Amino acid sequence: MTATEPVRTRTSIVRVVGASLVGTTVEWYDFFLYGVAASVVFGDLFFPKGEELSGTLLSFATFAVGFFARPIGGVVFGHFGDRLGRKQLLVLSLLMMGLATFAIGLLPTYAQVGALAPILLTVLRLIQGFALGGEWGGAVLIVSEHGDPARRGFWASWPQAGAPAGQLIANGVLAGLAAFQSDADFNAWGWRIPFLLSAVLVLVGLWVRLRIEESPVFQEAQAKQEPADKLPVLEVITRYPREVLTAMGARMAENVSYYIFTIVIATYAKEQLGMGKSFALNAVLIGAAIHFFAIPAWGALSDRVGRRPVYLIGAVGVGLWVFVFIALINTRNFALATLAVTVGLIFHGAMYGPQASFFTELFGTRVRYSGVSVGYQLASIIAGGLAPFIAVALLKAYDSGYAIAVYVAACAVISVIAVTSYSETHRRDLTTL
């Protein structure tokens, strides 16, 4: 290096991981907060009075709307992320999510403005989904493309840990409010507090994210390659159709089981078992704390034995455990319910931990943001977005939690087929893809 050449610095992997983790925690806090609120309070506040489960179904329908917006966000953010870089889009997604969540905390209810209330709620949910659709791909890529390839599964799993961290904060705040407020106060104004607190979390996330550098793998690829001759998403569809289908199939068990274990449990405990709000919220709170540490542990294991074996442990595990999960919840015993959620989330972590590195390794650098976003978010529509709605509908139709268990088990079979049909990826070099 000559004296006139600039000294090239690289953001440390720890700082990059921290920035991604903080950002994804904020985004998932916002997204999950809506899901928890939809299961315990939105049905009463934003929809016409009627049969209680029907109001919950309508509430979960708006929850699903956010998932339909996620692929659109994935395509838009993926396009610009593959053209302009990962960092700028991560900052934008965080701002959009935070503003939408804060606005939900200010919404008037159905009793105040009638049909306008659910309309406004749906619009803000669409914005949340659009923002999250662009968030995930950028967060896992900027870590995967910074880190040591031999430890990619471990480092890339930390942004994934933002999901239980966000769930932990969302459930913790709601559980605290439910414990110290009457139902009347919580329904009148207490539920708004967690949504308004999002503004503080977003400011912290922005401060951390603005301090990191762009992905070196992206910068190197950008310097070497000519611009794509077509839209990145079209290149993904034409060159990587198998990879997109693999990612979608792999997500079925992971996505559906997560929302059953953390969101639907609140409705099931309240409507089917007659338990109070705190029963399910506190069980998920404890499970999420353990889930947070399980995810990077599984990610590290995938660096040693491969992505497929670890992922299959999770898929088979949730497919079998969900029947035990229902049986333990039915006891109405808090300790057993907590065990049910915790073990379920540990199995889920075996999929979610290696998922970021696995999906990253499926696509070439030029279209990687678009590829991981499309594969991940398309599955969100039929998996996560519809999971609470389908689960509550099954509960209403069969009056049994075991109908929900069969649903999760069927999704687990799909994931096992998807993962076993694709070759191992953990030795792939991202710079040559």
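How close do the axes of helix α6 and helix α13 come, and at what angle do they cross?

**Entry 1: basis.** I worked with a predicted model, in which local features need pLDDT of at least 70, side-chain atom pairs count only at pLDDT 80 or more, and totals for chains, interfaces and linings use all residues. I numbered residues from 1 along each chain as its sequence is written, and side-chain values use heavy atoms, with hydrogens and water left out.

**Entry 2: α6 and α13.** I looked up helix α6 (residues 152–160) and helix α13 (residues 277–305), whose axes come within 7 Å and cross at roughly 155°. Helices are DSSP runs of H or I with at least four residues, numbered from the N terminus. Axes are lines fitted to C-alpha atoms over the stretch in contact, and angles run from 0 to 180 degrees between N-to-C directions. The two helices are therefore roughly antiparallel, a term for angles over 145 degrees. Their crossing is right-handed: the near helix is turned clockwise from the far one by less than a right angle.

I noted the contact (heavy atoms within 4.5 Å): α6 contributes Arg152, Gly153, Phe154, Ser157, Trp158 and Gln160, and α13 contributes Phe292, Ile295, Pro296, Gly299, Ala300, Ser302 and Asp303. I found six nonpolar, five polar and two charged residues in this contact. Ala, Val, Leu, Ile, Met, Phe, Trp, Tyr, Cys and Pro count as nonpolar, Asp, Glu, Lys and Arg as charged, and the others, Gly among them, as polar.

**Entry 3: α7 and α12.** I then turned to helix α7 (residues 162–180) and helix α12 (residues 241–272), which pack at about 15° with axes 12 Å apart. They are therefore roughly parallel, a term for angles under 35 degrees. This crossing is right-handed. Ala163, Pro164 and Gln167 of α7 meet Tyr258, Thr262 and Ile263 of α12. I recorded four nonpolar, two polar and no charged residues here.

Conventions. Parallel < 35°, antiparallel > 145°, perpendicular 65-115°, else oblique.
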